[in-house]
Amino acid sequence: SCCTMASESAKSEAPAAVEEAPAAKKAKIEEPSAGAAEVDVAAVGKLLAFYFGDANFRHDKFLQGETAKDAKGGFVKIAVLLTFNKLKQLTTDPAAVAKAIEECAATKELLVLNE
């Protein structure tokens with residue numbers, strides 16, 4: 001799974017993108033595990049909005065590098081996001097991250113889930 005933010009110049013053109021993993025992981029993300037119900041999806045969304053927001057992203061060389069790795073539109077894999085310590089404290093479930101990207105007001109306009 002992947003996630004990205006549009007650069008400031010491209011921000012008005014398209015929201016950031018998130019890419020799903022191959023079919024095996026895709027099925028896993030589409031069927032949230034029992035643990036996903038316990039995750040504070042709003043908190044996950046708020047944290048993702050911070051990571052990809054203007055204040056953080058322009059200084060975050062790691063995230064910029066991850067978006068540059070994807071030639072299709074700057075996607076960052078959800079698995080990469082799940083290596084971030086603050087996010088790991090909230091969840092280790094890719095389905096919860098995908099749900100936050102799709103449903104949270106904080107991320108709806110900023111991030112796109114790429115299936």
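This is a predicted model: local features need pLDDT of at least 70, side-chain atom pairs count only at pLDDT 80 or more; totals for chains, interfaces and linings use all residues.

1. For the chain overall, 46% of the 115 residues count as buried. Among contacts with a separation of 6 or more, 65% come from residues 24 or more positions apart.

2. Have a look at helix α4, which covers residues 61–69. Leu63, Glu66 and Thr67 are buried there. Viewed down the axis of α4, the buried residues fall within an arc of 95°, so they line one face of the helix. Lys61, Ala68 and Lys69, on the other side of α4, are exposed.

3. What do the buried residues of α4 pack against? Their partners are α2 (41–52), α3 (54–57) and α5 (78–81).

4. The N-terminal end of α4 is capped by Asp60. One of the side-chain oxygens of Asp60 lies 3.2 Å from the backbone nitrogen of Phe62.

5. Helix α2 also packs with α7 (residues 94–103), at an angle of about 75° and with the axes 8 Å apart. An angle from 65 to 115 degrees counts as roughly perpendicular, which is why α2 is described that way relative to α7.

6. Which residues meet where α2 and α7 pack? From α2 come Val41, Val44, Gly45 and Leu48, and from α7 come Ala96, Val97, Lys99, Ala100 and Ile101. By class, this contact has seven nonpolar residues, one polar and one charged.

Methods. Residues are numbered from 1 along each chain as its sequence is written. Side-chain values use heavy atoms; hydrogens and water are left out. Buried means under 20% relative accessible area, exposed over 50%, partly exposed in between (1.4 Å probe, protein chains only). Helices (H or I, at least four residues) and strands (E, at least two) are DSSP runs, numbered from the N terminus. The arc is that of the directions from the helix axis to the C-beta atoms. Contact means heavy atoms within 4.5 Å. A polar contact is a pair of N or O atoms within 3.5 Å; within protein, one must be able to donate a hydrogen and the other to accept it, and residues adjacent in sequence count only if both atoms are side-chain atoms. Axes are lines fitted to C-alpha atoms, for helices over the stretch in contact, and angles run from 0 to 180 degrees between N-to-C directions. Angles under 35 degrees count as roughly parallel, over 145 as roughly antiparallel, 65 to 115 as roughly perpendicular and the rest as oblique. Ala, Val, Leu, Ile, Met, Phe, Trp, Tyr, Cys and Pro count as nonpolar, Asp, Glu, Lys and Arg as charged, and the others, Gly among them, as polar.
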